[in-house]
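Please read it alongside the sequence and the model.

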Amino acid sequence: MRESKLEILINEMQKLSAALDRIAGPAPAENDWNKAECFVWAPVTHHLQPVTKPNRIDLSLITGVDHVRDILFDNTLRFAEGFPANNVLLWGARGMGKSSLVKAVHAKVARDSGSGLKLVEVHREDIASLPALMDILRQADMPVIVFCDDLSFDHDDTSYKSLKAVLDGGVEGRPGNVVLYATSNRRHLLPRDMMENEQSTAINPSEAVEEKVSLSDRFGLWLGFYKCSQDDYLAMVDGYARYFRLPVEPASLHAEALEWATTRGSRSGRVAWQFIQDLAGRLRRQLDETA
């Protein structure tokens, strides 16, 4: 018995629907804020992937940056309590604890305030998807820190415009329950030669440079991190050794820590942590809260 034209049409429509489903892929998973305190934004599926064991250290272990630590903590606490707070750019020397500070401050404020404060990390390559993320966060019933680590933009990269609009531009603006924290080695986020090149070729040079510099200006707080002194470096090492109860004499600890820094050619919080990891390994000790 031959199929009617209606049956043929229905079959073709079903095939087309199945093909579109295959192209679109699986439906985005439902975002469950109760699964974790920290999440990673997956723009392809519009999903917030929970991070059940965040890579972070206790706030008490971050030393040598007391001033900026206190400023960031106060800004974050006010935000968690529902008061006005600024977007923050943490910039400066490598390895001085910029990203560690953001994660440690979030953990302490979330624990102390009882506000349900969440941290959502956005990878640098996903900056252009920030407007879609804002649509999701706008509906959340808790405060959220959107965090981008090692943020900078290269030549011909226009994704900075998405960040610029989210910071305080656009019709909708930034959701009231969201602040953006970013770390960078550069204060102005774009290469100096890129700005100078645009200045030399633009019809109105000052406006071309202003377009680039104004991105950083949209962060209400700029917190600078600088290379640490030998005393600060040894204080970091002492703090780690004391916190993790590593059985080593102070004189020996300092001598080994300074030798380690010499072989690395620098002193920083990251170098201090790498030394402690090496020392704990040689002592056959675990680096955890119960050490």
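Trp 33 is buried, with a relative accessible area of 14%, where buried means under 20% relative accessible area, exposed over 50% and partly exposed in between (1.4 Å probe, protein chains only). Phe 39 likewise counts as buried, at 3% relative accessibility. The model is a predicted one, in which local features need pLDDT of at least 70 and side-chain atom pairs count only at pLDDT 80 or more, while totals for chains, interfaces and linings use all residues. Residues are numbered from 1 along each chain as its sequence is written, and side-chain values use heavy atoms, with hydrogens and water left out.

A pair of aromatic rings is described by the distance of the centres and the angle of the planes. Rings of Phe, Tyr and Trp (its six-membered ring) pair if their centres lie within 6.5 Å, and planes under 30 degrees apart count as stacked, over 60 as edge-to-face and the rest as tilted. By this rule the count comes to six aromatic pairs. The rings of Trp 33 and Phe 39 have centres 5.2 Å apart and planes at 75°, so this pair is edge-to-face. Tyr 243 and Phe 244 also form an edge-to-face pair, because their ring centres are 5.0 Å apart and their planes stand at 85°. Of these two residues, Tyr 243 counts as partly exposed at 25% relative accessibility, whereas Phe 244 is buried at 6%. Ring pairs link Tyr 240, Tyr 243, Phe 244 and Trp 273 into a cluster.

Tyr 240 and Trp 273 also take part in the contact between helices α8 and α10. Helices (H or I, at least four residues) and strands (E, at least two) are DSSP runs numbered from the N terminus, and the chain has 10 helices and seven strands. Two helix pairs are set out below, with axes fitted to C-alpha atoms over the stretch in contact and angles running from 0 to 180 degrees between N-to-C directions.

| Helix pair | Axes come within | Crossing angle |
|---|---|---|
| α8 (residues 230-243) and α10 (residues 269-283) | 9 Å | roughly 40° |
| α2 (residues 66-80) and α3 (residues 98-113) | 10 Å | roughly 45° |

Angles under 35 degrees count as roughly parallel, over 145 as roughly antiparallel, 65 to 115 as roughly perpendicular and the rest as oblique, and α2 is therefore oblique to α3. The crossing of α2 and α3 is right-handed, meaning that the near helix is turned clockwise from the far one by less than a right angle. The crossing of α8 and α10 is right-handed. The residues of the α8 and α10 contact divide into 10 nonpolar, one polar and no charged, where Ala, Val, Leu, Ile, Met, Phe, Trp, Tyr, Cys and Pro count as nonpolar, Asp, Glu, Lys and Arg as charged, and the others, Gly among them, as polar.

Contact means heavy atoms within 4.5 Å. In the α2 and α3 contact, the residues of α2 include Arg 69 and Phe 73, and those of α3 include Val 105 and Lys 108.

Two residues have a positive phi of about 55° although neither is a glycine, namely Asp 150 and Arg 245. Asp 150 lies in the loop between β5 (144-148) and α5 (160-168) and counts as partly exposed at 47% relative accessibility. Arg 245 lies in the loop between α8 and α9 (250-264) and counts as exposed at 57%.
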